[in-house]
Amino acid sequence: MGLVGSSKGISPTLTEINLSAVPIALYYSLNGSGSTPIVDGCPTTITVRQCFQQLLSTGTNNWRGQGVTGVRFFFTLAGGYYSTPFDSAGNVQTAWTQNLYQFFADLRSYGIQRVTPTPVFDTWSGPPSMLQTRTMNTCFDMYGVPTKTLTLSFVPWLPYGLDPLDSYYPDRTCGNGTYRDGAQTPSDIFWGWSRFVNLMNTVMAQAHTATLIINALDYYQESNMQFTVEGRMIYDNYRSVDVLQSLRDRMTANGFDSGRVAPSANGPPKPSPASGHCGSWYGDSALVLNLSELVGAIAGPLSKFGAPPGHPDMGGELSCYNPNYPNNDADTSGTMPSLPVWHSPPTFIDMHSQKTYLGLNDTGDFAKTFYSDIWAFLVARGLSGNYVVFGETNPVSRPGCDEYTVQQADAAMNGVQGSINGYKNSLLYANHASSVVMRPWQRTEYGYTCTPNPNMINPPFNSFLP
């Protein structure tokens, strides 16, 4: 492998690609019909498999030619995007498993070394008919008497309800007490955890057989532990299931690093000014509040998670800790919870980074501050040896689609800073660049014309070329 000489590259940081959902069930099928492909960027006269082979290795902007050495991809759980792992009895289907293995083998044959399979837990994982609505008792007082009756929606793969009056976000109607007192998914709807753990064990086994490395398993996408019911994705308190530890055990059994299993954290807020940052209740930068909350949840009884006191209510802007600020709305019905079991900290962190500003220097200033604050977080937590993944960074879009142009991503000219230039000026790059992975986002489904498939990511995301 040769080092790219361009000053615009991110070497020794590695470049991977973050694909949207892969239609595993149709891997050997034709790529659509007529003029409507399933996977964008390929004709309907070839198979889905041939399409991915083409995107990997041939044609303009193919991923390997741009230096991509790892792939993260989503797969749906109940046919939401041509992926149906389970039969009617909840067993992993042999045909689905074989298709997944072939996808892995194809990645490996074209030089992909690392893979991060990510199950889809939102409502897109299945058809709308799988979203069932129930009226539930919730939010219990000290005597165990429910204080609220709510109408919530449930899907079989989530252990908590979604609030139809809150844009189907996770239930947070009991505030920080929702982890403890929020409604559980009824047993006649919820699949149970063994089905999911068996599925992930199958996925790990196929990756191992294809001689790929699962080096950072983000099994729950973009967690936001201010919705405390999301803590059940680590330890389900109703069913007494340690989800994280179960997956770590399967990683060990399949020959992978058990420390490389954890949810990813939702991205940072968008401060104004762009260079703004401040402290959070956790003592870290408020730019990494979602990461602080996630690590706090994983630590179990030793730490807290949820909406911390002294911050404005949840929102997109920077929330700074102020001990004189009253508890926000999410904290009024209970103190911040802890998970009842301890877990060792993961040996990687994965926080998504998708913020840009109209001004190029603003984008660079934000990136420099954010990535420097990530390094400060690692040092303060004793995690400076961790592998660091930015599991979704902004794609470089076609002109007129959004503000994340090549210039926003790069801008290493005339002293102007884009996001990559800001990263290269950060403390994270100066101290930890060889242990960082950037994953530009790549839509593969037909119809998302703002991000062509394959997309041009080199420059600025170039690192090593084959």
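1. A cavity, on a 1 Å grid over the protein atoms alone, is a set of points where a 1.4 Å probe fits but cannot get out, and its lining residues have an atom within 4 Å of a point. In this predicted model, local features need pLDDT of at least 70 and side-chain atom pairs count only at pLDDT 80 or more, while totals for chains, interfaces and linings use all residues. Residues are numbered from 1 along each chain as its sequence is written, and side-chain values use heavy atoms, with hydrogens and water left out.

2. The cavities may be considered first. A search of the whole structure finds 3 cavities of 30 Å³ or more; grid points are joined across faces, edges and corners, and a volume is the space filled by probe spheres set on the points. The second largest cavity holds about 80 Å³ of space. Its lining consists of L77, F86, F121, P156, W157, F190, W191, G192, W193, R195, F196 and L199. These residues divide into 10 nonpolar, 1 polar and 1 charged, where Ala, Val, Leu, Ile, Met, Phe, Trp, Tyr, Cys and Pro count as nonpolar, Asp, Glu, Lys and Arg as charged, and the others, Gly among them, as polar.

3. The next point concerns S83, which is placed in the loop between β4 (70-75) and α2 (94-109); helices (H or I, at least four residues) and strands (E, at least two) are DSSP runs, numbered from the N terminus. With a relative accessible area of 0%, S83 is buried (buried means under 20% relative accessible area, exposed over 50%, partly exposed in between, with a 1.4 Å probe and protein chains only). Its side chain reaches the backbone oxygen of T76 at 2.8 Å. The side chain of S83 also makes a polar contact with the side chain of W96, at 3.0 Å. A polar contact is a pair of N or O atoms within 3.5 Å; within protein, one must be able to donate a hydrogen and the other to accept it, and residues adjacent in sequence count only if both atoms are side-chain atoms. Leaving aside residues up to four places away in sequence, S83 touches V22, I24, A25, F75, T76, L77, A78 and W96 (contact means heavy atoms within 4.5 Å).

4. Strand β16 (residues 436-442) deserves attention: 7 of its 7 residues are buried, so the strand is largely enclosed by the rest of the structure. Both faces are covered, with V436, M438, P440 and Q442 buried on one side and V437, R439 and W441 on the other.

5. Helix α6 (residues 289-298) is mostly covered, with 10 of its 10 residues buried. The elements that cover its buried residues include α5 (243-253), β13 (261-262), β14 (348-350) and α7 (360-380). After α6 comes G300, whose phi is positive, near 70 degrees.

6. Finally, D410 is found in the loop between α8 (406-409) and α9 (419-424). D410 counts as buried, at 6% relative accessibility. D410 and A307 lie 103 residues apart in sequence and 35 Å apart in space, C-alpha to C-alpha.

Methods
1 Å grid on protein atoms, 1.4 Å probe; cavity = no way out; pocket = protein on both sides within 12 Å on 5 of 7 lines; lining within 4 Å.
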